[in-house]
Amino acid sequence: MEIFTLDFMQRAWLAGLVMAVLCPVIGCFIVLRRQSMIGDGLGHIAFAGVAGGVFMGFQPVLAAAVATVAGSVIIEKVRTRMHDFADMVLAIFFYAGMALAVIFTSLNHSGGVSLSGILFGSLMTISPVDLYIVGILGLFVIAFVVLLYRPLQYLTFDEVSARVAGLPVESLNLWLSVLTALTVALSMRVVGILLVGAMMVVPVGCALLVSRSFSGTILGGIAFGLLSVVAGMLLSYYASLAPGGTIVLTGVACFVLCLLFRNR
Amino acid sequence: MDIITLKELGFTYGDGWLFRHLSLAIGQGDFVAVIGANGVGKSTLLRIIAHIMAPSEGTAYLYGTPVDRFRDWGRVGYVPQNPARRQRTFPITVREVVQLGRLDGRGLCHRFNDGDRAAVEAMLQRFRLTDLQQRKIGALSGGQQQRVFLARAMVNDPELLLLDEPATGIDSDAKEDLYGLLGELNRQGKTIVMVSHDLEMAAKYAKTSLCLDDGGLCFFGDIRAGLHHRHKHGYFFGGGPADPLI
């Protein structure tokens, strides 16, 4: 039972469960807005934030959060001005993020943060400070979505009509980008930058196969997110596998099962 | 009182004017069919009135206020062109779509209350959607989907309805049913502005025609006079139904 009693495992469980709820909630909006790859791209910018934070002596999760939020705001502004080339704009920012990360990493000779931990996740090394940041920012994101659930639903389903309804569409788009950025930054420690986008997409993909309502898709996404994290962490602990990869593969297995079940 | 006023309205994509110097007023209780060939700017005009697009020149007013300063969007219901066709796989039920209409003009922080729930129930019943309320919107027929979007536009009890080609892609029975519903709403006092290619139905239910051609506004007045005018001057509407007045 030490999987539940060891301090570092308790922190890992708490961080994992926060991410299991947070990622599908935000993921539902980005998947349905056909922006599934944005989580991946913001991960590149989060990488730059972590590398820059370590180089300048800041807390890595906070540095990643600041970098991704700033990046997402700039991307949203440029994307709305260059609507026809939105995917190109995203790609340019993501490459810039990765390039910055490479430079900061090469400048950092003091060590301190493991590159593989950033890229592949380091769930077992989450510190109490990391956990506080994940908890507080996670609560902020969830509270925001709960308060603005219907306006965000309107925006996602029919942006034009939401505009005619008098909703501040530009502000909502911007806030959704900021929330996505925060989610990426917070989830980075759990599954790693390379897999953070997967946790925003895979549970929602499973829920889409079994739900016909918007609320059902969000709740289903949370359920599949929790299932992936719990089963993935148990499996990774007892089989000595990397937690990030095991969590994501558990989610993918759920997706395949849902697909098979749906097609029968 | 004029609900919509257009003053010297013009729109261009940069190479020639789609329409220009367009000035007119639409009064309360009118049922206006915006007609004309493809590409003359019918939907653009409706989108300018709904403040989705900005005009290149001139001003559109709603209830005497320029649309860019208009805030009382709860008085306006809008049905976009083919809303569900773009979202066939979107996971949202009929009930959830109708509920969204209660946000119109109420701001970001509106919390759903018993009044909202009662209004949604009433609309589901009125548009014969009660049995379909838990169905996914993409699983409905074109006619049923249009009834859902009309219910969403009406759930806030707006005074003005803006509809962008509401009958596109639906069969003739569903079309008759939809226009019948619009006629009934108009008789109950709703002002309706509708972009339409369907001259037969427009002649049957609308009161006023707003006809656009390549030069901009070519007729604005009584619907039957408008269709006579159209026939006399030989406007081409491209693949539409037979002229109901011939």
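**Briefing: chains A and B in a predicted complex**

Chain A has an average pLDDT of 89, and 97% of its residues score at least 70. (pLDDT is the predictor's confidence in each residue, from 0 to 100.) This is a predicted model: local features need pLDDT of at least 70, side-chain atom pairs count only at pLDDT 80 or more, and totals for chains, interfaces and linings use all residues. Residues are numbered from 1 along each chain as its sequence is written, while chains are lettered from A and ligands numbered from 1 in the order in which they are written.

**Confidence**
- The predictor gives the complex an ipTM of 0.85 and a pTM of 0.87.
- (Two residues are in contact if their C-beta atoms, placed from the backbone, lie within 7 Å.)
- Where pLDDT is low, the predicted coordinates should not be read in detail.

**Chain A overall**
- Chain A has 13 helices and zero strands. (Helices, H or I, have at least four residues and strands, E, at least two; both are DSSP runs, numbered from the N terminus.)
- The radius of gyration of chain A is 18 Å, close to the 18 Å that the globule rule gives for 264 residues, so chain A is as compact as a globular protein of that length. (The radius is taken over C-alpha atoms; the rule is 2.2 Å times the number of residues to the power 0.38.)
- The C-alpha atoms of chain A fill a box of roughly 55 × 45 × 30 Å, taken along the principal axes.

**A helix pair in chain A**
- Helix H2 (residues 7-32) and helix H12 (residues 214-239) of chain A pack at an angle of about 150°, their axes 8 Å apart. (Axes are lines fitted to C-alpha atoms, for helices over the stretch in contact; angles run from 0 to 180 degrees between N-to-C directions.)
- That makes H2(A) roughly antiparallel to H12(A). (Angles under 35 degrees count as roughly parallel, over 145 as roughly antiparallel, 65 to 115 as roughly perpendicular and the rest as oblique.)
- Residues of H2(A) that meet H12(A) include A:Trp13, A:Leu17 and A:Cys28.

**Where the chains touch**
- The contact takes 23 residues from chain A and 22 residues from chain B.
- On chain B, strand E6 (76-79) and helix H2 (94-100) each supply at least two residues of the side that touches chain A.
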